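User: I'm new to reading protein models. Could you walk me through the helices in this one?

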Amino acid sequence: MPEHREVALLPVATTTRRDGVIAQIKRAIVLGSLHPGEKLTEARLSSELNVSRPTVREALSQLAQEGLLVQEPYRGLRVASLDDAALLDIAETRMALDMQAVSAILADASGHRMELVLQAWRDFEARAFDPDPLAYHEAHLAFHRSIWAASENYLLMRLWPVTEAHITIALLHDQYTRADPARAHAVHAALIEAFETRDLERIRAAFTVHTIGSARELVALLAARRAAT
C-alpha cells in the first residue's frame, strides 16, 4: 500500500456541487491521494470541498452505487478495494461484454462503427504517454467506453458507469504494482491491429491478452509482493 499523502481535493464551484464532488473524489482516487480501502467522512469532505454535507452525502451515495466506494457496516464508506478473485471476475466479465460490443461493430457493413473505434484509438494514442496520470487514465477509459459506444448497444452503455468504477479500482492496483506505459501501449496497439483485420477470433485473442492475461499477471505480481512482505 502506498504511503498516505494529503488528499488532492479542490474547492467545488456552487454551480457543479454534486457532480463536482464526484469529480474531485474520482480525481483523488486516480491520483493516489485516496487509496483503496481508505475511509471517507462527510465532515472531512464537506470542509475540504467547501460544500454542504447533504451534497457530499448525495455524491458519496452515487459513487457507492457505481461501485467506486463500498459501505461497510459500522465502518462507513471506504474506497473500494479488490481481492485477487474479484480482479479475475471483473476481467472475465469485461471480456464477455467487450466481445458483445465487438460482434455489433463487425456486424455494421457500413464500417461506421469500426471507424468510431479507430478514431477512439487515435485519440487515446495521442495521450498514451501523457505524464499526467489523470489525463492518461481518462483517455484510457474513454477509449474503452468508445468501443462499447460504437456498438450502439443500449444495455452496455447503461452498464458503463459501474464498469468504469471497477476498471478504475483495478487500474489503481495495477498502477501501484507496475507502472509501465510502454507495455500498456503495446497491448492496446495489438488490440487495434486485431480490430483492423475485422477477424472475430483475432480480436478475441487480442482481448484475451489485454484483459484476461493482464489480470492474471497482476494477480501473480500481487501474490509475489505479499509473499515478499
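This is a predicted model: local features need pLDDT of at least 70, side-chain atom pairs count only at pLDDT 80 or more; totals for chains, interfaces and linings use all residues.

Analyst: Let's go helix by helix, then look at pairs and single residues. Residues are numbered from 1 along each chain as its sequence is written, and side-chain values use heavy atoms, with hydrogens and water left out.

User: What counts as a helix, and what span does α5 have from its first C-alpha to its last?

Analyst: Helices are DSSP runs (H or I, at least four residues), numbered from the N terminus. The expected span is 1.5 Å times one less than the number of residues. Helix α5 covers residues 112–125, so 14 residues, and its end-to-end reach of 20 Å is close to the expected 20 Å.

User: Which residues of α5 are buried?

Analyst: Buried means under 20% relative accessible area, exposed means over 50%, and partly exposed lies in between (1.4 Å probe, protein chains only). In α5 the buried ones are Arg113, Met114, Val117, Leu118, Ala120, Trp121 and Phe124. They sit on the same side of α5, because they cover an arc of only 155° around the axis. That arc is taken from the directions from the helix axis to the C-beta atoms.

User: Why would residues a few places apart point the same way?

Analyst: An α-helix has 3.6 residues a turn, so residues three or four places apart point the same way.

User: What do the buried residues of α5 pack against?

Analyst: Contact means heavy atoms within 4.5 Å. Here the partners are α4 (84–106), α6 (133–151) and α8 (181–197).

User: And what about α8: which of its residues are buried?

Analyst: Ala184, His185, Val187, His188, Ala189, Leu191, Ile192, Ala194 and Phe195. Their cover includes α4, α5, α6 and α9. As for length, the 17 residues of α8 should span 24 Å, and the end C-alpha atoms are 25 Å apart, which agrees.

User: How do I describe two packed helices?

Analyst: You give the angle between their axes and the distance between the axes. Axes are lines fitted to C-alpha atoms, for helices over the stretch in contact, and angles run from 0 to 180 degrees between N-to-C directions. Angles under 35 degrees count as roughly parallel, over 145 as roughly antiparallel, 65 to 115 as roughly perpendicular and the rest as oblique.

User: At what angle do α4 and α9 pack?

Analyst: About 170°, with axes 10 Å apart, and α4 and α9 are therefore roughly antiparallel.

User: How do α4 and α6 cross?

Analyst: Their axes come within 7 Å and cross at roughly 45°, so α4 and α6 are oblique to each other. Where they meet, α4 brings Arg94, Leu97, Asp98, Ala101, Ala104 and Ile105, and α6 brings His144, Ile147, Trp148, Ala150 and Ser151.

User: Is His144 buried or exposed?

Analyst: His144, in α6, counts as buried, at 4% relative accessibility. Setting aside neighbours within four places in sequence, His144 touches Arg94, Trp160, His188 and His210.

User: Which residues are on the exposed side of the cut-off?

Analyst: Arg216 in α9 is one example, exposed at 55% relative accessibility. The C-alpha atoms of Ala109 and Ser33, 76 residues apart along the chain, are separated by 46 Å.

Notes: Helices (H or I, at least four residues) and strands (E, at least two) are DSSP runs, numbered from the N terminus.
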